[in-house]
Amino acid sequence: MGRRKNRQYAYPVPPAAIDTFKADVMQREGYNVNRQQPDQVKFEVAQSMGIPLSQTDNGQLRTEDAGRIGGKIGGAMVKEMIRMAQEHLASLPSSEKQRTP
């Protein structure tokens with residue numbers, strides 16, 4: 001099954017903002033992130049997990065290992081988004097918190 005190229009986010013955000021967010025989160029996680037190429041952090045994550053990931057051919061890479069790399073990155077981003085949402089909710093006046101959409 002091929003990778004989806006037409007991703008749509010629930011909240012429209014410019015791709016550059018997502019890359020910046022990824023770089024910030026992974027930097028806080030202790031990874032060395034090139035802010036110009038935040039997707040390159042996957043190689044550092046793979047190396048720290050002992051997973052052989054190359055720039056070109058990854059035909060030998062198991063699906064489980066690819067998931068572990070992506071899960072580490074995506075999991076950190078989700079945790080940060082939840083933290084940010086909780087912080088935002090805590091800052092709302094109590095009348096706003098009780099209102100239903």
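User: What do the side chains of Arg83 and Glu80 meet in?
Analyst: The side chains of Arg83 and Glu80 meet in a salt bridge, at 2.6 Å from N to O. A salt bridge here is a side-chain nitrogen of Lys or Arg within 4 Å of a carboxyl oxygen of Asp or Glu. Note that this is a predicted model, in which local features need pLDDT of at least 70 and side-chain atom pairs count only at pLDDT 80 or more, while totals for chains, interfaces and linings use all residues. Residues are numbered from 1 along each chain as its sequence is written, and side-chain values use heavy atoms, with hydrogens and water left out.

User: Where do Arg83 and Glu80 sit relative to each other?
Analyst: Arg83 and Glu80 are three residues apart in helix α3, so about one helical turn separates them. Helices are DSSP runs of H or I with at least four residues, strands are runs of E with at least two, and both are numbered from the N terminus.

User: Is Glu80 buried or exposed?
Analyst: Glu80 is buried, with a relative accessible area of 12%, while Arg83 is partly exposed at 37%. Buried means under 20% relative accessible area, exposed means over 50%, and partly exposed lies in between (1.4 Å probe, protein chains only). Salt bridges with shared partners join Arg28, Glu80, Arg83 and Glu87 into one network.

User: How many salt bridges does the structure hold?
Analyst: Eight. One of them pairs Asp24 with Arg35, 2.6 Å from N to O. That pair links distant parts of the chain, since Asp24 is in helix α1 and Arg35 is in the loop between α1 and α2, 11 residues apart. Asp24 is partly exposed at 26%, and Arg35 is partly exposed at 41%.

User: What about Asp65 and Arg68, which meet in what?
Analyst: Another salt bridge, 3.4 Å from N to O. Asp65 and Arg68 are three residues apart in helix α3, which puts about one helical turn between them. Asp65 counts as buried at 9% relative accessibility, and Arg68 as partly exposed at 36%.

User: Switching to Lys22: buried or exposed?
Analyst: Lys22 is buried, with a relative accessible area of 15%. Lys22 lies in helix α1.

User: Which residues does Lys22 touch?
Analyst: Leaving out residues up to four places away in sequence, Lys22 touches Pro38, Asp39, Ile73 and Met77. Contact means heavy atoms within 4.5 Å.

User: Which residues in helix α2 are buried?
Analyst: In α2 (residues 41–48), Val41, Phe43, Val45 and Ala46 are buried. Their cover includes α1 (15–28) and α3. Just after α2, Gly50 takes a positive phi of about 75°.

User: And the chain overall, what does its secondary structure come to?
Analyst: Four helices and zero strands. Buried residues make up 20% of the 101 residues. Among contacts between residues at least 6 apart in sequence, 33% join residues at least 24 apart.

User: Where is confidence lowest?
Analyst: Confidence is lowest in helix α4 (residues 94–98), with a mean of 67, and highest in α3, at 92. The chain's mean pLDDT is 84, and 84% of its residues reach 70 or more. pLDDT is the predictor's confidence in each residue, from 0 to 100.
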